[in-house]
Amino acid sequence: MAETRSVIPPAIPHVLIFPFPAQGHINSMLKLAEILCLSGINVTFVNTQQNHKRQLIFGNLHSRFGKFLGFSFEAIQDGLSTDQHHSAVSCIISDGGLGFAIDVAEELGIPAISFRTISACCTWIYLCSPKLVENGDIPFKDEDMDQLIRSVPEMESFLRCRDLPSFYRAKEVNHPHLDFVNTATVTSIRATAHILNTFEDIEAPTLSQLRSYYPNLYTIGPLNALLNSLRSNSTYTSSSLPVSCNASLYEEDRSCMTWLDKQPEKSVVYVSFGSIAMVTREQWLEIWCGLVNSSYRFLWVRRPDSLPVDDNEESRIQAELVETTKEKGYMVEWAPQEEVLNHPAVGGFFTHSGWNSTLESMAAGLPMVCWPHVADQQINSRYVSEVWKIGMDMKDKCNRVTVEKLIREMMVDKRDELMKSTVKVAEMARKSVSRDGSSYRNYEALLEFLRKSC
């Protein structure tokens, strides 16, 4: 009688994901967590206690992740130390700004994957920092803002001083913010592999440069589109998974969706400047006047902590704006952005050019007016206007005349021209996450890497 042998099933990889504690970083890394869960990977997601509490209140975490038995949250106070790792973790995926997580992985003898939640073009500029200093491109003077930068390959013809990430506006090369970026960038090179939330068709020249530093690089974006693609093919039916990918630290006001349902097709400008930007009262009023003067309907997300005024003044300004815009506009403190961008009534996006917002707008096929504030937003807005031709750049300007002019261009005057590029980019994004697309194939390669490292 033949001897029967028990077959030991292959071990399931257990990935610890550690984001930088900010809304945009958490949002994209939580999408990655759900994508991995859909593929049968066990995931522990590490949040700060404060952010974890806020997401439990305002996010749909239970409905998104309750189906995955291999998923868990861990909350920490300040940082991840070597004695706080979850047992049997086979790989750490950390935000590219958190270099110490690579140190932890090396000490544990497991692979470390660096996930840069910014664009490839911004990542490439960060890697070119030594050359920028060596060639005297930074620091630069305020009067040199339109001077071309020649030290970043692939960008010599269009990159100006004002298009460099905001950290490069420091007046000395050893500024703490610039030091942080440079240290994190150098440390990230030591990672076993790298992930970028982008796709080959949109940033191919830059990615070819990056691969000289990051040979084991997986481009798997747009993550929101890849997640939707995997959901549609998952054993988890659409009825068991929520439509929204809410990872919000703020309470979403869904009344805006009801308001959008009543508006004509492509008639609304969606206005949102993200989770970090602080805006002065004067800037808000200039934006408001420009929007009203443009005569277009608008849905304006005005974060409750975005205007540095006392409570009484805040209430008065809010009341004034609501009263004077109620015929054409609607205002909320936070919105389900991806749903808004894909609503048929929305025709354009007035944005801060955060990378998540930029990708979501690309996937939705919407043109943009860009008003960048910090970090990678400056270079993202330049690419939107000069390279991809899917929007206009309002960088370093905020007056009602400019706002009105660019809104009109986005919605009518230059719309045909913009939509040709926007439709093309949206199609490239869609194809990248399809079964034969570059991002889908790269994701399958990432899964193979994780399973081999188990």
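This is a predicted model: local features need pLDDT of at least 70, side-chain atom pairs count only at pLDDT 80 or more; totals for chains, interfaces and linings use all residues.
Partly exposed here means a relative accessible area between the buried limit, under 20%, and the exposed limit, over 50%.

**Salt bridges overall**
- Searching the whole structure turns up 20 salt bridges.
- As background, side chains of opposite charge can pair when their charged atoms come close.

**A pair in the loop between α6 and α7**
- D146 and R162 make a salt bridge, and their closest N and O atoms sit 2.8 Å apart.
- Both residues lie in the loop between α6 (129-134) and α7 (176-188), so the pair ties together parts that are 16 residues apart in sequence.
- R162 has a relative accessible area of 16%, so it counts as buried, since the limit for that label is under 20%.

**Pairs within a helix**
- In α17 (residues 415-432), E427 and R430 are 3 residues apart, which means about one helical turn separates them.
- Their side chains meet in a salt bridge at 2.6 Å, N to O.
- R430 is partly exposed as well, at 47% relative accessibility.
- Over in α16 (residues 400-413), R408 and E404 are 4 residues apart, again with about one helical turn between them.
- For R408 and E404, the closest N and O atoms of the salt bridge are 3.3 Å apart.
- R408 comes out as partly exposed with a relative accessible area of 29%, and E404 gets that label too at 23%.

**The second largest pocket**
- Its volume is about 350 Å³.
- The lining has 19 residues, and those closest to the pocket centre are S385, E386, M392, D393 and L406.
- Which elements give two or more residues to the lining? They are α15 (377-387), β13 (391-393), α16 and α17.
- Helix α16 gives the most, with 4 residues.
- How do the lining residues of this pocket divide into nonpolar, polar and charged? There are 4 nonpolar, 3 polar and 12 charged.

How values were computed. Residues are numbered from 1 along each chain as its sequence is written. Side-chain values use heavy atoms; hydrogens and water are left out. A salt bridge is a side-chain nitrogen of Lys or Arg within 4 Å of a carboxyl oxygen of Asp or Glu. Buried means under 20% relative accessible area, exposed over 50%, partly exposed in between (1.4 Å probe, protein chains only). On a 1 Å grid over the protein atoms alone, a cavity is a set of points where a 1.4 Å probe fits but cannot get out, and a pocket is an open set with protein on both sides within 12 Å along at least five of seven lines; lining residues have an atom within 4 Å of a point. Grid points are joined across faces, edges and corners, and a volume is the space filled by probe spheres set on the points. Ala, Val, Leu, Ile, Met, Phe, Trp, Tyr, Cys and Pro count as nonpolar, Asp, Glu, Lys and Arg as charged, and the others, Gly among them, as polar.
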